[in-house]
Amino acid sequence: MEAEILRVAAEELARHGAAALSLRAVAREMGMASSAIYRYVRDRDELLTRLIVAAYTSLGDAVEAAHATVDPADLDGRWWAVGTALRDWARSHPHEYALLYGSPVPDYRAPAEQTNEPGTRVQALLVRLLADAQRVGRLRDAAAGIAPGVQVRAEAAAGPLLDDPFFADAGLDAPAVMAGLAAWTLLLGTVTTELFEQLGDTIPDPDAYFAYMLEVAGRLVLTPATATVHS
């Protein structure tokens with residue numbers, strides 16, 4: 001029954017958006033009394049949280065599966081696997097992507113204890129990638145070529161992140177962590193821009209645009225290994 005509730009709720013999400021999601025509407029679509037659904041889901045916020053966890057889990061599974069097909073020594077291939085799998089999943093699950101990375105749902109705050117672990121699976125792959133790049137000497141010097149003082153800014157921006165085991169265990173310094181976040185932000189922003197059609201019809205070749213942006217984002221953290229051009 002809980003799985004069926006989530007399935008119908010996902011359909012409601014696609015039709016009306018997260019802000020309009022309601023337990024009453026889900027119950028009505030299932031042909032059950034609105035009072036009966038509360039035996040399985042406490043309220044709208046719990047339903048949204050379950051949808052978010054399910055979406056993060058689906059995304060994490062897809063990206064991890066793509067990443068697992070690449071030789072661990074192929075750092076560029078791993079970055080491209082993560083990026084392309086994220087884009088492919090987003091295009092196949094646009095409403096779930098919007099729930100995760102679109103506008104916040106009014107009067108809802110995701111509980112960190114339930115969403116943090118599934119919600120950081122993709123970022124965990126990228127942190128491992130940065131740590132491996134540092135180990136083999138391919139982690140780009142994030143401060144090189146940037147105005148003096150960037151180290152201070154990076155440390156101020158990173159703050160307590162450096163003490164979090166999520167980053168601390170990788171042995172990364174503040175500029176590396178912030179460069180990684182910049183690469184992730186550019187990747188996520190590129191997918192969001194395409195999915196939400198924020199550039200309208202100004203991009204004639206979305207695949208080429210994404211490939212270019214993915215390459216640029218990757219060079220924020222990785223020094224070139226070969227002259228290979230991914231496609």
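1. Buried is used here for residues under 20% relative accessible area, exposed for those over 50%, and partly exposed for those in between, with a 1.4 Å probe and protein chains only. By that rule Arg78 is buried, at 2% relative accessibility.

2. This is a predicted model, in which local features need pLDDT of at least 70, side-chain atom pairs count only at pLDDT 80 or more, and totals for chains, interfaces and linings use all residues. Residues are numbered from 1 along each chain as its sequence is written, and side-chain values use heavy atoms, with hydrogens and water left out.

3. The whole structure holds 19 salt bridges, a salt bridge being a side-chain nitrogen of Lys or Arg within 4 Å of a carboxyl oxygen of Asp or Glu. One of them pairs Asp132 with Arg78, with 2.9 Å between the closest N and O atoms. This pair links distant parts of the chain, 54 residues apart: Asp132 is in helix α8 and Arg78 in helix α5 (residues 75–92). Helices (H or I, at least four residues) and strands (E, at least two) are DSSP runs, numbered from the N terminus.

4. Asp61 and Arg121 form another salt bridge, at 2.7 Å from N to O. Asp61 belongs to helix α4 (residues 44–68) and Arg121 to helix α8 (residues 121–135), so the pair ties together parts 60 residues apart in sequence. Asp61 is partly exposed at 42% relative accessibility, while Arg121 is buried at 14%.

5. Arg42 and Glu46 also form a salt bridge, their closest N and O atoms lying 3.1 Å apart. Arg42 is exposed, with a relative accessible area of 57%; Glu46 is buried at 15% relative accessibility. Both residues belong to a network of salt bridges that links Glu2, Arg42, Asp43, Glu46 and Arg50.

6. An unreviewed UniProt entry annotates residues 22–41 as "DNA-binding region". UniProt positions follow the numbering used here, feature names are shortened, and annotations may be inferred rather than shown by experiment. In the model, this span is 60% helix and 0% strand, and its end C-alpha atoms lie 11 Å apart.

7. The lining of the largest pocket has nine nonpolar, seven polar and two charged residues. Here Ala, Val, Leu, Ile, Met, Phe, Trp, Tyr, Cys and Pro count as nonpolar, Asp, Glu, Lys and Arg as charged, and the others, Gly among them, as polar. A pocket is an open set of points on a 1 Å grid over the protein atoms alone, where a 1.4 Å probe fits, with protein on both sides within 12 Å along at least five of seven lines; lining residues have an atom within 4 Å of a point. Helix α7 gives the most to this lining, with four residues.
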